[in-house]
Amino acid sequence: MRIDVVTLFPAMVEDAVKVGVTGRAAERGLWALRCWNPRDFAADAYRTVDDRPYGGGPGMVMMAGPMSGALAAAREAQRRDGVARSRTIHLTPAGRPLGHTRVIEFARDRDTGLVLLAGRYEGIDERLVEREVDEEVAIGEFVVSGGELPALMLIDAIARQLPGALNDAQSAVEESFVAGLLDCPHYTRPESWGGAQVPDVLLSGHHEAIRRWRLEQSLRRTWQRRPDLLERRAMSKEERDMLARIRSDSPGTDSR
Ligand SMILES: C[S@@+](CC[C@H](N)C(=O)[O-])C[C@H]1O[C@@H](n2cnc3c(N)ncnc32)[C@H](O)[C@@H]1O
């Protein structure tokens, strides 16, 4: 899969993806990155990419021209490299919040190259956004200083879903949100740490008991922390029975 990022700080993105799962996945040829700096497409000798906002107010706005030049170069490079089609994603707090379902859709549609626009300052001139962007994505209901970290989060979330990216494919199946639940707690050696013990069932070697314990923990956590997820989810009889038990275990607690 091909992903290009339009950013004023290419090194920030290029360096971050070299480590861990994203780095390994790139080495395995599962995805490739190119970054494009709007400064290289500026019209003046000062390589200006931002200007004051019309109407006044604080901060600066990224100019449409340099962004447009970088975006066109990214799309053209994807086309030359055999990418079937390009989709332009603007990372912005005003976008649709990113969730597991959308990440899976991106990861499945590997023939579509992504061009991620990372804003800075107050954001990007809206005319460029209206003309060129296919989709706007937010990584949460908060504001960070630039689109690079949001772009990296999107890239990482997609890369770990590409077949062959994780050493154990089961890891991606047993994570939070995959089955519409939060993940269960995890433990490793030593069995006793600071007086706290690993739950007995995990030491029992009894696979069915461990599966049931993990499911119950996931349901309990989801009920306590993200009851909205349970409302959206179809449940098996086993899960409904477990949830009824969890609710009756904790009278008076609807959720935390
Ligand atoms: C300081 S922010 C601009 C915030 C913008 N003025 C607003 O209030 O919506 C600079 C850039 O960071 C990125 N950004 C910040 N928070 C983000 C979020 N939650 N999701 C996606 N991108 C974000 C966007 O690319 C944005 O253009």
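Predicted model: local features only at pLDDT ≥ 70, side-chain atom pairs only at ≥ 80, totals over all residues.
The largest pocket has a volume of about 760 Å³. Its lining comprises 27 residues, and those nearest the pocket centre are Leu98, Gly99, His100, Thr101 and Phe177. By class, 11 of the lining residues are nonpolar, 7 are polar and 9 are charged. Both domain 1 (2-174) and domain 2 (199-256) contribute to this lining, each with at least three residues. Among the secondary-structure elements, at least two lining residues come from each of β5 (85-97), α4 (100-108), β7 (135-138) and α6 (148-159). The greatest contribution to the lining of the largest pocket is that of α4, which provides 4 residues.

The ligand is surrounded by 19 residues, of which Leu91, Gly119, Glu122, Phe142 and Val144 are the closest. The shell around the ligand consists of 10 nonpolar, 7 polar and 2 charged residues. For Gly140, a polar backbone atom lies 3.2 Å from a nitrogen atom of the ligand. An oxygen atom of the ligand is found 3.5 Å from a backbone N or O atom of Gly146. The ligand taken alone exposes 590 Å², and 82% of that area is buried by the protein. Two or more residues of the shell around the ligand are supplied by each of β5 and β7. With 3 residues, β5 gives the most to this shell.

Definitions and conventions
Residues numbered from 1 in each chain as written. Heavy atoms only, no water. 1 Å grid on protein atoms, 1.4 Å probe; cavity = no way out; pocket = protein on both sides within 12 Å on 5 of 7 lines; lining within 4 Å. Points joined across faces, edges and corners; volume = space filled by probe spheres on them. Nonpolar A, V, L, I, M, F, W, Y, C, P; charged D, E, K, R; others polar. Domains from an automatic or database assignment. Near = heavy atom within 4 Å. Polar contact = N/O pair within 3.5 Å; in protein donor to acceptor, adjacent residues only side chain to side chain. Areas by Shrake-Rupley, 256 points an atom, 1.4 Å probe, with all protein chains shown as cover.
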